[in-house]
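Work through the exercises below with the sequence and the structure open. Try each task before reading its solution.

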Amino acid sequence: MRQLCKGNVAVVKAAILAGCRAYYGYPITPASEIAESAALYFPQVGGTFLQAESEVAAINMVYGAAAAGVRVMSGSSGPGLSLMQEGMSYLAGAELPCVIVDVMRGGPGLGNIAPEQSDYFAMVKGGGHGNYRNLVLAPASVQEMADLTMLAFDLADKYRNPAVVLTDGFVGQMMEPLELEIPDKDREMELPEKSWAVKGTPETRANLLSSIYLETDELEEHQRRMEAKYIRAQETEQRSELYHTEDAEVLLVGYGIVSRVLLSTVEALRKEGVKAGLFRPITLWPYPTKALVEAAAKVQKVLVVELSNGQMVEDVRLALNGKVPVEFYGRVGGNVPSIAELRQQVFTRMPVAV
């Protein structure tokens, strides 16, 4: 089914198609349409929508539903995600799968409601306390808002871990064509078995899901087990998109709405004779290090562009390990660089010959 859809609405429709049947959250600009759409669509499929009294309450309701084996989600923006951090650490510690959508806005503090990309550190590096990771996906279109949300549920279940769909206010608010495959009503959806869940049945009555380990050796064993699954994810779940990287001398790197501007910038530079290429990470954790190293193997310089003061650029520099010079250009407060602006950055920062 093809339709015109807003990004924030696409994640809800995709979540329902992925078998999600519970949404707990609190509205916040520019993510409010997620809660509004969930309130409209979840009851129609026999699901649960509840507007909690706060983001703290919402994330703990997510914990409860996930512990019962339900595919569950929440959505918010920066200030709300800050309040959810403790609960996300609890979810990771109890190895409970869920999906959380973060539609980033300007910060720190209340900042403003304009789009930004300044939650990268908070989501990609964990944010809450303790040794844990979020699986983080970065859509750049309305279609990807849907596709990556469905993928997020699969990854969350596969690794028994929170998965974050990290987007910006532009992608969340924009309307684009969306293609969704509506399943046959008579076909029962197959979801992963969750023998560990607490469902009140005789088989699961003895199950206990907690993130507390009072004995030091038990906690260490638990964290080593978590570490092992994160290593597996790093080896198998890296995703990225390449454009004109085969002969590139200048590599532009960005995600979300920035990657779309960079794509047009690459096309403009190529018309001027500059061999530019684009590397777009789709998974922000695990970061697609292998593909980035290969894409940058023959370039003269790398330019990372973000709607922040510089966050993802640290992962790019770590991946390339000094083998290629890495420059950074950022805009904040809701400002997005234009094609002409980025073209000028390339010519002033890079040793390119036309």
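**Exercise 1.** By about how much of a helical turn are Glu 220 and Arg 224 separated in helix H8?

Solution. A note on the source comes before the steps. This is a predicted model, in which local features need pLDDT of at least 70 and side-chain atom pairs count only at pLDDT 80 or more, while totals for chains, interfaces and linings use all residues. Residues are numbered from 1 along each chain as its sequence is written, and side-chain values use heavy atoms, with hydrogens and water left out.

Step 1. Helices (H or I, at least four residues) and strands (E, at least two) are DSSP runs, numbered from the N terminus. Because Glu 220 and Arg 224 are four residues apart in helix H8, about one helical turn separates them.

Step 2. Their side chains meet in a salt bridge, at 3.7 Å from N to O. A salt bridge is a side-chain nitrogen of Lys or Arg within 4 Å of a carboxyl oxygen of Asp or Glu.

Step 3. Arg 224 also meets Glu 227 in a salt bridge, at 3.1 Å from N to O. Glu 227 and Arg 224 are three residues apart in helix H8, again about one turn of the helix.

**Exercise 2.** Which parts of the chain does the salt bridge between Arg 225 and Glu 95 link?

Solution. Step 1. The side chains of Arg 225 and Glu 95 meet at 3.6 Å, N to O.

Step 1. Arg 225 is in helix H8 (residues 216-236), and Glu 95 is in the loop between helix H4 (78-93) and strand E5 (98-104), so the pair joins distant parts of the chain, 130 residues apart.

Step 2. Arg 225 has 40% relative accessibility and counts as partly exposed, whereas Glu 95 has 11% and counts as buried.

Step 3. Most residues other than glycine have a negative phi.

**Exercise 3.** Where does H4 bend, and by about how much?

Solution. Step 1. Start with the span. The expected span of a helix is 1.5 Å times one less than its number of residues. For the 16 residues of H4 this should be 22 Å, and the end C-alpha atoms are 22 Å apart, which agrees.

Step 1. H4 bends by about 50° at Met 84. The bend at a residue is the angle between axes fitted to the seven residues ending there and the seven starting there.

Step 2. Met 84 is among the buried residues of H4, which also include Leu 81, Met 88 and Leu 91. The cover over the buried residues of H4 includes helix H3 (55-67), strand E4 (72-76) and H8.

**Exercise 4.** Is the aromatic pair of Tyr 23 and Phe 49 stacked or edge-to-face?

Solution. Step 1. Rings of Phe, Tyr and Trp (its six-membered ring) pair if their centres lie within 6.5 Å; planes under 30 degrees apart count as stacked, over 60 as edge-to-face and the rest as tilted.

Step 1. A search of the whole structure finds five aromatic pairs. Tyr 23 and Phe 49 form a stacked pair, with 5.8 Å centre to centre and 20° between the planes.

Step 2. Tyr 23 lies in strand E2 (residues 22-25) and Phe 49 in strand E3 (residues 48-51), so the pair ties together parts that are 26 residues apart in sequence.

Step 3. Tyr 23, at 0% relative accessibility, counts as buried, while Phe 49, at 24%, counts as partly exposed.

Methods. Buried < 20%, exposed > 50% of the residue type's maximum accessible area, 1.4 Å probe, protein only. Contact = heavy atoms within 4.5 Å.
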